[in-house]
Amino acid sequence: MVWSADWIALRPDAMSVWRDPDVRRRLNWYMRVMLKEVPAKFMMVRKFPVDLDGSEDPWSLETSELWRIHERSAADFRRMWRRVKEGSEEYRDLSVSKAKSLLAVKTVLAHRLASPCILCERRCRVERRKGRIGACRLDYGVYVHSAFLHYGEEAPLVPSGTIFYGGCNFTCVFCQNHDISQDSPREGLKVDPVKLADIQDALARRGARNINHVGGDPTPNLHIIMESLLYVESHIPQLWNSNFYMSSEAMELLVDVIDIWLPDFKYGNDKCAFRLSAVKNYVEVVTRNLKMAAENGDMIIRHLVLPNHLECCTRPVLEIITRELPVDKILVNVMGQYTPMHRVARNPRLWPEIARSLTVSEIREARSYASRLGIRWEPVS
Ligand code: SF4
């Protein structure tokens, strides 16, 4: 890692946050990967052998057969990863060929999930390979709109090697990145897996503490992201910065390659989720994915407090986190920076309750409720 005086001056808290033993405990896996004490998970998965039932090439196998192989090997991998994480086992480099690794199987499955597409719980089933466009406004391509060292993320993540992908499976009426998520998602740089790996390596060389896959949303781009990990050379934590509406199949693939999760948990009920982001069954899907992610990596949850949504969204979100997740092992960013943008800014009369910024008393109330529930938010909010 490059300890540059420039960025330490810009964000001194990015250094001081690590003096807090509780932060070091909650983000212990991420910290150890960042310090190169253990390999990033994608590097372990890339060297984890699979038995391809006599075949040499996972691309030649049926999807159902691949899922059977994946289920077997991923269970073994997760047991091994937990032992390494808990310190009861040293990581051993098994050095299999990339083509016969668990990551190779995941890559083929990710491509199969992408067309007909069920990468997210919209389950459009569109043939993206044939150029059809899903609800995320994407074809089979992956479009990078920017990639840079981000200094505005949570202190433990800065500087974050952030890659902004075009396209999103949500249509949030207040989206601050609507230009790339909703308006012109396919106008970025179209990348293949090798090019995407090069971008990640370049960010790592410039001193990124992690590779932050965001958008839009990274989920519709999972097939190329997964394949890129076959080629990334840098030892660097992988971070998934998402609305967390992935399908359960996509989650099965992801959980073994992500070191730290940065999920949004926006809404405390399905009615608000549908009205403001046009997604169904929001609470159940996001809660399911959060539980799975929390078992397989470190986590900083983001909750953007919306004006006039404290009772219907903020309180239930914080309560679900306390009830369903290991609250003593995660951090929550209770975010107070909401400001009306995109469609809300253009048509405030359609969404009157969120057509203003948050008040100081609203964010105070949200954070004080989080504290009362035993949620740790201070180091990242
Ligand atoms: S990722 Fe896109 S195409 Fe695939 S199911 Fe979701 S919205 Fe549809």
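Reader: Why is strand S2 largely enclosed by the rest of the structure?
Author: In this predicted model, strand S2 covers residues 160-165, and six of its six residues are buried, so the strand is largely enclosed by the rest of the structure.

Reader: And which residues sit on each side of S2?
Author: Ser160, Thr162 and Phe164 lie on one side, while Gly161, Ile163 and Tyr165 lie on the other, and with all of these buried, both faces of S2 are covered.

Reader: How many bridges join S1 to S2, and do they run parallel or antiparallel?
Author: Strand S1, residues 143-150, runs antiparallel to S2 and is joined to it by six bridges; within this pairing, Val144 stands opposite Tyr165 of S2.

Reader: What about S2 and S4, in which sense do they pair?
Author: S2 pairs with strand S4, residues 211-214, in the parallel sense and over four bridges, and Gly161 has Ile211 of S4 as its bridge partner.

Reader: Changing topic, how is the protein divided into domains?
Author: Domain 1 is made of 5-38 together with 114-380, and domain 2 is 39-113; the C-alpha centres of the two domains lie 25 Å apart.

Reader: How many residues are in contact between them?
Author: On the domain 1 side there are 23 residues in contact with 21 residues of domain 2. Helix H4 (28-34), helix H10 (222-228) and helix H11 (248-254) each supply at least two residues of the side of domain 1 that touches domain 2, and H10 gives the most, with four residues. By class, that side of domain 1 has 16 nonpolar, three polar and four charged residues.

Reader: Now helix H6, how far apart are its end C-alpha atoms?
Author: They are 33 Å apart, which agrees with the 34 Å that the 24 residues of H6 (residues 63-86) should span at 1.5 Å a residue. Just after H6, Gly87 takes a positive phi of about 85 degrees.

Reader: Which residues of H6 are buried, and what do they pack against?
Author: Leu66, His70, Ser73, Ala74, Phe77 and Trp81 are buried in H6, and the buried residues of this helix pack against helix H5 (41-46) and helix H7 (102-113). An α-helix has 3.6 residues a turn, so residues three or four places apart point the same way.

Reader: Last one: which residues come nearest to the ligand?
Author: Of the 15 residues around the ligand, Cys117, Cys120, Cys124, Gly134 and Cys136 come nearest, and by class the shell has ten nonpolar, three polar and two charged residues.

Note on methods. Residues are numbered from 1 along each chain as its sequence is written. This is a predicted model: local features need pLDDT of at least 70, side-chain atom pairs count only at pLDDT 80 or more; totals for chains, interfaces and linings use all residues. A residue is near a molecule or strand if its C-beta atom, placed from the backbone, lies within 6 Å of it. Ala, Val, Leu, Ile, Met, Phe, Trp, Tyr, Cys and Pro count as nonpolar, Asp, Glu, Lys and Arg as charged, and the others, Gly among them, as polar. Domain bounds come from an automatic or database domain assignment. Two residues are in contact if their C-beta atoms, placed from the backbone, lie within 7 Å. A residue is buried if 20 or more other C-beta atoms lie within 10 Å of its own, exposed if 12 or fewer, and partly exposed in between; C-beta atoms are placed from the backbone. Two strands pair if DSSP finds at least two bridges between them. The expected span of a helix is 1.5 Å times one less than its number of residues.
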